[in-house]
Amino acid sequence: MIESVKLIKFPIFEEDNGELSVFEQNIDGIPFNIERIFNVRSDKGNIRGQHAHRLCSQMLICSNGSIEVTCDDSLNKKFFLLDSPNYGLLVPPAIWAVQTYLENNSSMTVICDRPYEAEDYISNYNHFREFVSQLNAK
């Protein structure tokens with residue numbers, strides 16, 4: 001459900017010469033065991049994501065620039081603006097997520113609770129709707 005998508009604020013430590021954002025695995029931070037981390041960089045106007053996961057939860061963090069994330073549970077949509085490295089968006093399984101890059105050279109760090117598994121990805125929106133429908137029928 002769309003209510004399961006959450007924006008989480010992480011600690012940030014500011015000094016005269018820069019900022020440090022901290023991401024830790026705990027109740028107030030990343031609410032799952034970390035199995036994989038990857039970075040995506042893209043330019044203004046590019047669209048990435050456009051998929052859901054069957055099992056994988058992800059934490060999306062914009063480490064540079066600005067990215068709009070659209071989350072969809074097949075019935076409702078919610079929009080999030082990621083433009084600060086101390087905020088992460090928790091995207092659980094069965095949520096269709098689309099990232100629109102709003103500035104050139106924007107970067108997103110993605111933290112996952114599972115290793116890469118090709119069969120976990122749902123890249124066709126109609127298949128995603130069928131998957132969610134089957135989940136809701138159980």
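1. Two strands are taken to pair if DSSP finds at least two bridges between them. The model is predicted, and on this criterion it contains an open sheet of five strands in the order β1-β9-β6-β11-β4, with antiparallel pairing. At the edges are β1 (6–9) and β4 (36–42), each of which pairs on one side only. From one strand to the next, the twist averages 25 degrees.

2. Within this sheet, β6 and β9 run antiparallel and are joined by four bridges. Ile 61 has Gly 88, in β9, as its bridge partner.

3. Val 69 stands opposite Phe 80 in β8.

4. The largest nonpolar core comprises 19 residues, of which Val 5, Leu 60, Val 69, Cys 71, Leu 89 and Val 91 touch the most other members. At least two residues of this core come from each of β6 (58–64), β7 (67–72), β8 (77–82), β9 (87–91), β10 (96–101) and β11 (106–112). In soluble globular proteins, nonpolar side chains tend to be buried together.

5. Which residues does Val 5 contact, leaving aside its neighbours within four places in sequence? They are Cys 71, Phe 80, Leu 89, Leu 90, Pro 92 and Ile 95.

6. The structure holds five aromatic pairs. One of them joins Trp 96 and Tyr 125, and it is edge-to-face because the ring centres lie 5.2 Å apart with the planes at 85 degrees. Since Trp 96 belongs to strand β10 and Tyr 125 to helix α1 (residues 125–137), the pair ties together parts that are 29 residues apart in sequence. Trp 96 counts as buried, at 9% relative accessibility, whereas Tyr 125 is partly exposed, at 29%.

7. Tyr 125 also forms a tilted aromatic pair with Phe 128, at 5.6 Å centre to centre and 45 degrees between the planes. These two residues are three apart in helix α1 and are therefore separated by about one helical turn. Phe 128 is buried, with a relative accessible area of 0%.

Technical notes
Residues are numbered from 1 along each chain as its sequence is written. This is a predicted model: local features need pLDDT of at least 70, side-chain atom pairs count only at pLDDT 80 or more; totals for chains, interfaces and linings use all residues. Side-chain values use heavy atoms; hydrogens and water are left out. A nonpolar core is a set of buried Ala, Val, Leu, Ile, Met, Phe, Trp, Tyr and Cys residues joined through side-chain atoms within 4.5 Å. Buried means under 20% relative accessible area, exposed over 50%, partly exposed in between (1.4 Å probe, protein chains only). Contact means heavy atoms within 4.5 Å. Axes are lines fitted to C-alpha atoms, for helices over the stretch in contact, and angles run from 0 to 180 degrees between N-to-C directions. Rings of Phe, Tyr and Trp (its six-membered ring) pair if their centres lie within 6.5 Å; planes under 30 degrees apart count as stacked, over 60 as edge-to-face and the rest as tilted.
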